[in-house]
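Subject: Structure handover

Hello,

Here is the structure I promised to pass on.

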Amino acid sequence: MVEVRDITFAYNQNGNNIIEDISFDIEKNQCIAILGNNGAGKSTLLKCMDRICPAQKGTVFVDGQNVYTMRKNIMAQNIAYVPQNNESINMTVFDTILLGRKPYIKWDATYEDRHIAWSIMKKMQLEDFALRNVWQLSGGELQKVMLARALAQEPKLLLLDEPTSNLDPRNQHEVLRQVKEIAQEHDICVAIIIHDLNLAIRYCERFLLLKDAQVFAYGGLEVMTPENIEEVYRIHVHIIEHMGIPVVVPFPDEKVNVSGERQTDMT
Amino acid sequence: MTDKSTIPIESYSAFINRKRLVLAISVAATAVIGLFAVSAGSLEIPASEIIKTLLGKGDPQTQTIIMNIRLPRVTAAILVGAILAVAGAVMQCVLQNPLASASTLGVSQGAAFGAALGIIVFGGGVVNSDSAATAVTINNPYIVTLCAFLCASISTLVIILLSQFKKDLGPAGLILAGVALGSLFGGGSTLLQYFADETKISAVVFWTFGNLSAADWPELLLLTIVLFAALIYFLLNRWNFNAMESGADTAKSLGVNTRAVMLISMGISSLVSAVAVSFVGIISFVGLIAPHIMRRFVGNDYRFLIPCSAIAGALLLILADTFARLVIAPVILPIGAITSFLGAPMFLYLLFRGFKYHG
């Protein structure tokens, strides 16, 4: 279980807080979506959780242990992070995934490290790419390799910054489905920054809505109301149900209408 | 583990063995060229004679030539080449800049200014007119080395500060900063020489040509210690360097203390470069070219890139020095000029490729 407590971050002492007093919990096997418009502090929140940008105030507990007082390699055994933009490095896919074993490596990668890297690669159907160079991969393949590297860390908490932003629709669903499967198989908590609300609803159990550097709402599907989404994103939406699946349909030109009735120029 | 799952681990082993082969071939090539460099010169010494001498069974005249002239020179080429190349590879990694090296970041020029300061102001150099090859010996190498190191550190410090606080500077910006520092120290050296007497000027000028015969066995021992100490630190950090290739954020999330690794690695790289440069003078571009040649063969995998760069640097400098000694023998061309001659086209080639470092 992950407990985030009062995380506050500002780039400089007297500047505005990018995020302020953020607190929430993630249960085991749970995928949470971090939602909010550009500049709401979503990426900063993830970086604070992984101490890439150390928060000025607050802390994170993973299974009761304080991440902010851990040694760095112990922290990396608990939390894995995949950034939004991945540099395409001049290294093979297998070596890149093996890098996920870095927090465990003392002098050199052991047979066990290589075996773990290989079995994750197999699970994600990347075995054909093993010795291919990372910079030769397509966007979807690259994203999967980065995810595989993060999973090789065998983390308890997985942080993904817009994992689907560069992917085609099929790959978006494939990557998120794999994340969800692996989270359930290995009892991992997952936090995903995602802009596609429909993908969020399909693959995440809980939703953290950020607005003006603070938590606007946090909860299950019940917080994904048209009113909340309108408040956070400043766009009018309807939520309809299609074959039992909730679908968010945006209506950017409409005015606020709490009742859900369309109020366009048709009237 | 099933049979099927062992296959890729085996093919990975084959892939790793290919990198080991690259390393082994480079070592063998260095040994062969090194042997040739010892044998070639005004007196041709056959390889069998060299091996005899190394085993202590050669005749006294050959023994003197090999142990006092040829072998120290080749050893100096190997050590200095290896030091500059390893430092270059590490600087390129921690600054994430393909054009980083001691000579492009102003570290060498800083060392040269420091050496000039040591020779002129602190009286660290004298002229010895025995022969052209040994026209200058530094009578107090420690003060010259210390001054060279301190001034090289100024360049390092400025580069580190710039890369930390001006993250939008980019590869070109850092190299421009290196050019600025280089010209600052160049100007400083010129001013020092302007007010110095003739013997001291000639000592400084000769020093800046680069001279691999300037180092004798005690200095070579120090260079060996410096090289191995740096290699051990760098090899201990090879996984950290590999992580840093994926960007600072990813490296941090993998548990790497990126700031500490960057600062210590830059400090050590410039220290060892400064020591090498302060003994044999400015030798440009080896630190830039050698790692890039090896990136072609072993990729950006620092498990192999560090030892391979060291060997490539050694090989390049032996080749350049042998060329310098033999091309218009008995005149020995300044080694610094030869490496620049080799390095400048390579530098231009990198520029034409548009700093493409990641692949």
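Below is what I found, taken topic by topic.

Please keep in mind that this is a predicted model.

The interface. On chain A, 29 residues are in contact with 26 residues of chain B. Four elements of chain A each supply at least two residues of the side that touches chain B: helix H2 (72–78), strand E6 (79–82), helix H3 (93–98) and helix H4 (111–123). That side of chain A has 16 nonpolar residues, eight charged and five polar.

Chain B. Its secondary structure comes to 14 helices and two strands. The chain has 359 residues, and 50% of them are buried. Take the contacts in chain B with a separation of 6 or more: 77% of them join residues 24 or more positions apart.

Helix H11 of chain B. This helix covers residues 258–280, which is 23 residues. At 1.5 Å a residue it should span 33 Å, and its end C-alpha atoms are 33 Å apart, so the two agree. Gly281(B) follows H11(B), with a positive phi near 90°.

Gly140 of chain A. Gly140(A) is found in helix H5 (residues 139–152) of chain A. Gly140(A) has 17, so it counts as partly exposed. Beyond its neighbours within four places in sequence, Gly140(A) is in contact with Leu167(A), Asp168(A) and Asn171(A). Arg170(A) is 30 residues from Gly140(A) in sequence, and the C-alpha atoms of the two are 9.5 Å apart in space.

Best wishes

Notes:
Residues are numbered from 1 along each chain as its sequence is written. Chains are lettered from A and ligands numbered from 1 in the order in which they are written. This is a predicted model: local features need pLDDT of at least 70, side-chain atom pairs count only at pLDDT 80 or more; totals for chains, interfaces and linings use all residues. Two residues are in contact if their C-beta atoms, placed from the backbone, lie within 7 Å. Ala, Val, Leu, Ile, Met, Phe, Trp, Tyr, Cys and Pro count as nonpolar, Asp, Glu, Lys and Arg as charged, and the others, Gly among them, as polar. A residue is buried if 20 or more other C-beta atoms lie within 10 Å of its own, exposed if 12 or fewer, and partly exposed in between; C-beta atoms are placed from the backbone. The expected span of a helix is 1.5 Å times one less than its number of residues.
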